[in-house]
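Student: Can we go through the pockets of this one together? I'd like to start with the lining and then move on to the ligand.

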Amino acid sequence: MTTMNHRVVLASRPQGGISPANFRLEAVPVPEVGPGEVLVRVRFLSLDPYMRMKMNDVKSYTPPQVLDEVMVGGTVGEVVASNNPRFAPGDAVAGGGGWQEFHLSDGKALRKVDRSLPLEAYLGPAGMPGVTAWHGIFNIIAPKAGETVLISAAAGAVGSVAGQLVKSVGARAVGVAGGPDKCRHAVEVLGYDACIDYRADLAGQMAKAVPNGIDGIFENVGGAVMDAALKHINVFGRIALCGLVSGGYNAEPMPIRDATVLLTQRVMLRGFILSDHLDVFPRALADLGARVASGHLKWHRTVAKGIAAAPEAFIGMLGGANLGKQLVDLG
Ligand SMILES: NC(=O)c1ccc[n+]([C@@H]2O[C@H](COP(=O)([O-])OP(=O)(O)OC[C@H]3O[C@@H](n4cnc5c(N)ncnc54)[C@H](OP(=O)(O)O)[C@@H]3O)[C@@H](O)[C@H]2O)c1
């Protein structure tokens, strides 16, 4: 086994735009396994928009990423050494190993996973992004057959699951995504009824795509996309406010252009952070795992190779370079 652990730390906080210079690649010895500990070799690292929020030193739902420490992140990998009776070498595990090739754990935040699914599925549809979609769709929007639900970042990790869950209850799913290729994927592969390319005539396409208005919005991006959608929200519409990635999470205000419709249409707007809803995980993961295993839930991944590629892949994902779940394959 290699003796060095390559890892990416936060070197500086972005001032406005993020750049590769905010990260630093380091090589340190692979750690020794202490009493009760488990050493995991990371196979896949998940890159998620919340990491950009953590790079800011501002008040948020989660403490800021510490400078000069390994970037936080969800991982799947394989136990290579264990002094913990719950884990044995060879076990496949999911956990928060961060942006590095090896990580030590006391086992508390490690979860054994079943190899019947590809390991990286546990970072996508059968993991946190999938549960985010599941909670927002079933527990907040709760669509009924025949209703219309609009989903932004429709071809991304969360959005691609959300659209398929909406379809599974007989509701109409309308996606919003960046560019014709993503929109084609949303309709032809993920089964969306329509997809709006927000880079071209957003208002005109929106009006055509939702002739009966919008009953639910699964909001991932905010800004112009959310403003355009709000113009079509129906009476007693529900909004699951999941993310505001169009602002780049630069710690700048993210206004809603006209809140009047929230009042006149009696809209329920619910911001949510998945980590407040850990009770949802067992049911959601069982349901999502079954949907993935049966092939009913389609998913796609965009995979960068090697830990050194993580910063560029992360910046690319924030700008929309990914289709489906953005991962880094660590070999
Ligand atoms: N609340 C929670 O607990 C929770 C948990 C997980 C994720 N989230 C949120 O869910 C959202 C999706 O996360 P994800 O992991 O699935 O990421 P993702 O959708 O796979 O990737 C981010 C996507 O954001 C879109 N985007 C970037 N800039 C945009 C802009 N200016 N306007 C419109 N779209 C833009 C891009 O898609 P296009 O190419 O289509 O523009 C990009 O692919 C994020 O807002 C994230 O913060 C929230």
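Student: Which helix gives the most to the lining of the second largest pocket?

Tutor: Keep in mind that this is a predicted model. The lining includes Ala224, Asp227, Ala228 and Leu230. With four residues, the top contributor is helix H6 (residues 223-230).

Student: How many charged residues are in the lining of the second largest pocket?

Tutor: That pocket has a volume of about 200 Å³. Among its lining residues are Asp227, Lys231, Arg257 and Asp258. Asp, Glu, Lys and Arg count as charged. Alongside six nonpolar residues and one polar, the lining has a charged count of four.

Student: Now the ligand. Which class has 17 residues in the shell around the ligand?

Tutor: There are 27 residues around the ligand, and Lys182, Tyr198, Phe272, Leu274 and Asn322 come nearest. Nine of the shell residues are polar and one is charged. The class with 17 is nonpolar.

Student: Which helices each supply at least two residues of that shell?

Tutor: On the domain level, the shell draws at least three residues from each of domain 1 (4-124 + 299-329) and domain 2 (128-275). As for helices, the ones to look at are H2 (128-141), H3 (157-168) and H9 (310-318).

Student: What percentage of the ligand's exposed area does the protein bury?

Tutor: Start with the backbone: an N or O atom of asparagine 220 is 2.8 Å from a ligand oxygen, and one of phenylalanine 272 is 2.7 Å from a ligand nitrogen. Cysteine 242 has a polar backbone atom 2.9 Å from a ligand nitrogen. Taken alone, the ligand exposes 900 Å², and the share buried by the protein is 91%.

Terms used. Residues are numbered from 1 along each chain as its sequence is written. This is a predicted model: local features need pLDDT of at least 70, side-chain atom pairs count only at pLDDT 80 or more; totals for chains, interfaces and linings use all residues. Side-chain values use heavy atoms; hydrogens and water are left out. A residue is near a molecule or strand if one of its heavy atoms lies within 4 Å of it. A polar contact is a pair of N or O atoms within 3.5 Å; within protein, one must be able to donate a hydrogen and the other to accept it, and residues adjacent in sequence count only if both atoms are side-chain atoms. Accessible areas come from the Shrake-Rupley method with a 1.4 Å probe; for residues, only the protein chains shown count as cover. Domain bounds come from an automatic or database domain assignment. On a 1 Å grid over the protein atoms alone, a cavity is a set of points where a 1.4 Å probe fits but cannot get out, and a pocket is an open set with protein on both sides within 12 Å along at least five of seven lines; lining residues have an atom within 4 Å of a point. Grid points are joined across faces, edges and corners, and a volume is the space filled by probe spheres set on the points.
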